[in-house]
Amino acid sequence: QLQLVESGGGLVQPGGSLRLSCAASGFTLAYYAIGWFRQAPGEEREGVSCVSSSDGSTYYADSVKGRFTISRDNAQNTVYLQMNSLKPEDTAVYYCAADIWGVVTTTLPLTQADFGSWGQGTQVTVSS
């Protein structure tokens with residue numbers, strides 16, 4: 001059974017940092033592109049970042065480019081999202097997801113339907 005579990009969310013002041021983790025069980029993350037999405041109250045889910053399985057290429061939404069960094073630790077079967085210079089508008093539930101069908105490309109904005117396995121989400125709140 002494929003399972004993804006996010007952790008690392010919390011309350012942080014503007015300008016602060018958090019590192020989110022996405023741990024997998026039941027499958028090897030290294031074989032799949034892994035994406036991070038977020039959803040704020042009343043908003044649609046937004047694709048934030050993605051790392052490919054093949055060449056390690058990455059995608060970042062314009063809203064987070066230069067502030068967020070996605071990385072893999074294949075030995076730990078985990079993908080991370082380092083979030084720096086956080087802003088109140090980064091407040092959302094953050095989800096990681098696996099491209100189990102091998103269709104995602106990091107050259108285009110992310111599409112939810114391309115990701116077949118999702119975690120339960122972790123809340124990130126940026127507030128003073």
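Tutor: We can go from the whole fold to single residues.

Student: What should I know before I start?

Tutor: This is a predicted model: local features need pLDDT of at least 70, side-chain atom pairs count only at pLDDT 80 or more, and totals for chains, interfaces and linings use all residues. Residues are numbered from 1 along each chain as its sequence is written, and side-chain values use heavy atoms, with hydrogens and water left out.

Student: How many helices and strands are there in the protein?

Tutor: Zero helices and eleven strands. Helices (H or I, at least four residues) and strands (E, at least two) are DSSP runs, numbered from the N terminus. Along the sequence the pattern reads β-β-β-β-β-β-β-β-β-β-β. The radius of gyration is 13 Å, close to the 14 Å from the globule rule for 128 residues, so the protein is as compact as a globular protein of that length. That radius is taken over C-alpha atoms, and the globule rule is 2.2 Å times the number of residues to the power 0.38.

Student: And what box do the C-alpha atoms fill?

Tutor: Roughly 40 × 25 × 25 Å, taken along the principal axes.

Student: What percentage of the residues is buried?

Tutor: Buried residues make up 43% of the 128. Buried means under 20% relative accessible area, exposed over 50%, partly exposed in between (1.4 Å probe, protein chains only).

Student: What about the surface and the charges?

Tutor: The accessible surface is about 6,300 Å², and 46% of it belongs to carbon and sulfur atoms. Accessible areas come from the Shrake-Rupley method with a 1.4 Å probe; for residues, only the protein chains shown count as cover. There are 7 positive and 11 negative side chains, with the centres of the two sets 5 Å apart. Lys and Arg count as positive, Asp and Glu as negative; His and the chain ends are not counted. The place of a charge is NZ of Lys, CZ of Arg, CG of Asp or CD of Glu.

Student: Which residues have the most contacts inside the largest nonpolar core?

Tutor: Leu-4, Trp-36, Phe-68, Val-79, Leu-81, Met-83 and Tyr-94, in a core of 35 residues. Such a core is a set of buried Ala, Val, Leu, Ile, Met, Phe, Trp, Tyr and Cys residues joined through side-chain atoms within 4.5 Å.

Student: Which strand gives the largest share of this core?

Tutor: Strand 9, with five residues.

Student: Take Val-79. What is it in contact with?

Tutor: Leaving aside neighbours within four places in sequence, its partners include Leu-20, Cys-22, Trp-36, Val-51 and Ile-70. Contact means heavy atoms within 4.5 Å.

Student: Now Val-51. Buried or exposed?

Tutor: Val-51 is buried, at 4% relative accessibility. The residue sits in strand 5. Beyond its neighbours within four places, Val-51 is in contact with Val-79, Ile-70 and Thr-106, among others.

Student: Where is Cys-50?

Tutor: Also in strand 5. Cys-50 is buried at 0% relative accessibility. Its contacts beyond four places in sequence include Ile-34, Tyr-59, Leu-110 and Phe-115. Cys-50 and Leu-81 are 31 residues apart in sequence and 9.5 Å apart in space, C-alpha to C-alpha.

Student: Let's switch to loops. What is the phi of Asn-77?

Tutor: Near 55°, a positive value in a residue other than glycine. Asn-77 lies in the loop between strand 7 and strand 8. Asn-77 is buried, with a relative accessible area of 17%.

Student: And the phi of Ser-85?

Tutor: About 50°, positive although Ser-85 is not a glycine. Ser-85 is in the loop between strand 8 and strand 9. At 41% relative accessibility, Ser-85 counts as partly exposed.

Student: Where is Leu-108 found?

Tutor: In the loop between strand 9 and strand 10 (117-118). Leu-108 is partly exposed, with a relative accessible area of 48%. Leu-108 and Asn-77 are 25 Å apart, C-alpha to C-alpha.

Student: Last one. What does Gln-120 contact?

Tutor: Leu-4, Val-5, Glu-6 and Tyr-95, leaving aside neighbours within four places in sequence. Gln-120 lies in the loop between strand 10 and strand 11. Gln-120 counts as partly exposed, at 48% relative accessibility.
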